[in-house]
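Student: I have a structure to study. Can we go through it with questions and answers?

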Amino acid sequence: ETIDHVSTGDPRFQDRLYFNVHGRPGDFILGFGLGVFPNQSVMDGFVCAVHAGRQYNLRLARPVTNDRADMFAGPLALDIIEPMRTWRVRLAENDHGINFDLIFQARTAPFEHHPIFRRVDKHVNWHQQHLQQSGTYEGSVTIGGRSIDCSALWGSRDRSWGVRGPM
């Protein structure tokens, strides 16, 4: 099948992107991502940050058509600048106390994890694949009204797809 059609009708099938960004030890941590549930025609997103002893959370969702390359939900947007190397990740101004505009630059080739496959009572419970890649970030991050030095941030990105069982 082409990427606009998944190989199963299972409503749990998802195609997800996850990013994490680290400041200096104890400074801040930021995680965010987008996921498409093509069999439900939904894209969801999230942002979670911890800074100065406080946690900030944002959940997003939108209807999605067959074009899963259109990676945004509300103020969160992800853009591929150079395939498998460079991404621009943005969270526009909003009412939740956090925004960012960052460039992710890969430091390694993507690492392909072994597939996760599990059956429970003869039914496929989990059938998922992951690619993970480490890299650096540069740009701007504001959390709780405070701008954070973004000259040398570390982190990674993860792409996963398939059926994910109960967490």
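**Cysteines, core and rings**

Tutor: Cys-48 counts as partly exposed, at 25% relative accessibility. Buried means under 20% relative accessible area, exposed over 50%, and partly exposed in between, with a 1.4 Å probe and protein chains only. This is a predicted model: local features need pLDDT of at least 70, side-chain atom pairs count only at pLDDT 80 or more, and totals for chains, interfaces and linings use all residues. Residues are numbered from 1 along each chain as its sequence is written, and side-chain values use heavy atoms, with hydrogens and water left out.

Student: How many disulfides does the structure hold?

Tutor: A disulfide is a covalent bond between the sulfur atoms of two cysteines. Here it is called when two cysteine sulfur atoms lie within 2.5 Å. The closest cysteine sulfur to that of Cys-48 is in Cys-150, 17 Å away, so it is too far for a bond. The number of disulfides is zero.

Student: Is Cys-150 buried or exposed?

Tutor: Look at the relative accessible area of Cys-150, which is 6%. The cut-off for buried is under 20%. So Cys-150 is buried.

Student: How many residues are in the largest nonpolar core?

Tutor: A nonpolar core is a set of buried Ala, Val, Leu, Ile, Met, Phe, Trp, Tyr and Cys residues joined through side-chain atoms within 4.5 Å. Among the members that touch the most others are Leu-30, Phe-32 and Val-89. The number of residues in this core is 33.

Student: Are the rings of Phe-19 and Phe-32 stacked or edge-to-face?

Tutor: Rings of Phe, Tyr and Trp (its six-membered ring) pair if their centres lie within 6.5 Å; planes under 30 degrees apart count as stacked, over 60 as edge-to-face and the rest as tilted. By this rule there are six aromatic pairs. The centres of Phe-19 and Phe-32 are 5.3 Å apart and their planes are at 5 degrees, so the pair is stacked.

Student: In which strands do Phe-19 and Phe-32 lie?

Tutor: Strands are DSSP runs of E, at least two residues long, numbered from the N terminus. The pair links distant parts of the chain, 13 residues apart. Phe-19 is in strand E1 and Phe-32 is in strand E2.

Student: Which residue lies over the face of Phe-72?

Tutor: A charge sits over a ring if NZ of Lys or CZ of Arg is within 6 Å of the ring centre and within 35 degrees of the ring normal. Here the distance from the ring centre is 4.0 Å. The residue is Arg-62.

How values were computed. Helix = DSSP H or I, 4+ residues; strand = E, 2+ residues; numbered from the N terminus.
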